[in-house]
Amino acid sequence: MKIVSFVSTKGGVGKSSSTILIANYLAAVGKSVLVIDTDYSNSTTLHYLESKAGLRGKGFSQAVKTGRLTDNIVSTQNENIELIPSNSDIEHLVLKDDLVLSRLVEMEHKELSLYDYILLDTSQGFNSTINNAIYASDLILTPVLLCQFDMISCLTLQSKIVEAEKMSSWGLFFNGVNQYAQNKNSSHYQYISLYKKTFTQCLNIYLPKTSAVTNRIDRDQKITRKTSEKIFDGVASLVEIITGEPVSEPVAF
Ligand SMILES: Nc1ncnc2c1ncn2[C@@H]1O[C@H](COP(=O)(O)OP(=O)(O)O)[C@@H](O)[C@H]1O
Ligand SMILES: [Mg+2]
C-alpha cells in the first residue's frame, strides 16, 4: 500500500482532476484504490457518489474524530475504487499534530494494506489536514499551472515540504499546457523553463489543456489513447511514477 497526496496551496490547478484520472487509470489496470477526499468542495466525493445522501455521517472528519478510517469507507460504482468522502464540517477540522493521519494509517495498517494505493485529494490553501497528508504520504504530487500566481504558491508549499523533510517525496507536474509550449517564444515554454530552474522536483510530465478531462469527469466519457493521446500518455507517466514500475496499458480509463 502506497499513499499519494495531491497538494497545492492554489485552487483550480487540477488536484481533484488528477486524483480522479489516476484513480480511474489504476482501477482500469486492476489495482485496488482508496480515494480520500479531504476537501470541503467535495469534488472527488461527488464524482464517485451521485449524492451525499445515505452516507450517515461517514467521511474524513468523522474518521479523524473516531480514530477509524476503515469505518468511513464507502463503495463506488467502480469495483476497484472505494472512497472516504468529505464531511461538511471538514473546513473546521483541526488535527492536533503533524502525525495524526500517519498514526491512523498505522493503526489500521493491516486492513488498509488490502488497497494497492491510497490517493488523498486535498483542498487549496494550507491547514493541518494538508500538512498531515504531506507527512503521511510516500509521494506528494503538485499539479502546476503556467502562471505567476501558481509559481508563487509553489514556493510557499515548498517551504512546508522542506519543514516536513519530504523534499525527496515531492514531484511537480505541469497541467493545462497549451500546444505552443515547445515554441521558445511562448509563455508556456518560458514558464516551464522558469519552474525547472526554481524547483528541483519538476517531473517531465505535461498534461495538456483538453476537453477530454472535463468530458471524463463531467460526462463520464472515458479517455482512450486513440482519441486523446497526450492526456492518456501524461496520466500513464504519472501512474508509472506512482507505481515505480511499468503498468499494463488500459484500453480506456
Ligand atoms: N488538463 C486539463 N484540461 C482541461 N481542463 C482541466 C484540466 N485540468 C483541470 N481542468 C479543469 O479545471 C478545473 C479545476 O480543476 P480541479 O481539478 O477542480 O482543480 P483543484 O482540485 O486543484 O481545485 C476543473 O473544471 C477541471 O475540469
Ligand atoms: Mg479540488
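**Exercise 1. Determine which elements supply at least two residues each to the shell around ligand 1, and describe that shell by class.**

Helix 1 (15–28), strand 7 and helix 9 (211–219) each supply at least two residues of the shell around ligand 1, where helices (H or I, at least four residues) and strands (E, at least two) are DSSP runs numbered from the N terminus. This is a predicted model, in which local features need pLDDT of at least 70, side-chain atom pairs count only at pLDDT 80 or more, and totals for chains, interfaces and linings use all residues. Residues are numbered from 1 along each chain as its sequence is written, while chains are lettered from A and ligands numbered from 1 in the order in which they are written.

The next step is the list of residues: 18 of them surround ligand 1, and the closest are G14, K15, S16, S17 and V213, a residue being near a molecule if its C-beta atom, placed from the backbone, lies within 6 Å of it. Sorted by class, the shell has 4 nonpolar, 12 polar and 2 charged residues; here Ala, Val, Leu, Ile, Met, Phe, Trp, Tyr, Cys and Pro count as nonpolar, Asp, Glu, Lys and Arg as charged, and the others, Gly among them, as polar.

**Exercise 2. Work out the order of the strands in the sheet, and then examine how strand 2 is placed.**

Begin with the order, which is 3-4-2-5-1-6-7-8 for the 8 strands of an open sheet with mixed pairing; two strands pair if DSSP finds at least two bridges between them. The edges are strand 3 (74–75) and strand 8 (202–208), each of which pairs on one side only.

Turn next to the partners of strand 2, which runs parallel to strand 4 (residues 81–84) with 4 bridges and parallel to strand 5 (residues 117–121) with 5 bridges. V33 stands opposite I81 in strand 4, and D37 stands opposite D121 in strand 5.

Finally, consider burial, for which a residue is buried if 20 or more other C-beta atoms lie within 10 Å of its own, exposed if 12 or fewer, and partly exposed in between, with C-beta atoms placed from the backbone. Because 5 of the 5 residues of strand 2 (residues 33–37) are buried, this strand is largely enclosed by the rest of the structure. V33, V35 and D37 are buried on one side, and L34 and I36 on the other, so that both faces are covered.

**Exercise 3. Identify the buried and the exposed residues of helix 7, and follow the chain to E165.**

The buried residues of helix 7 are D150, S153, C154, L157 and I161. Seen down the helix axis, these buried residues fall within an arc of 110 degrees, so they line one face of helix 7; the arc is that of the directions from the axis to the C-beta atoms. On the other side, Q148, I152, L155, T156, S159, V162 and E163 are exposed.

What covers the buried residues includes helix 6 (128–136), strand 6 (139–144) and strand 7 (170–177), contact meaning that two C-beta atoms, placed from the backbone, lie within 7 Å. Strand 6 and strand 7 themselves pair in the parallel sense over 5 bridges.

E165 counts as exposed because it has 10 C-beta neighbours inside 10 Å.
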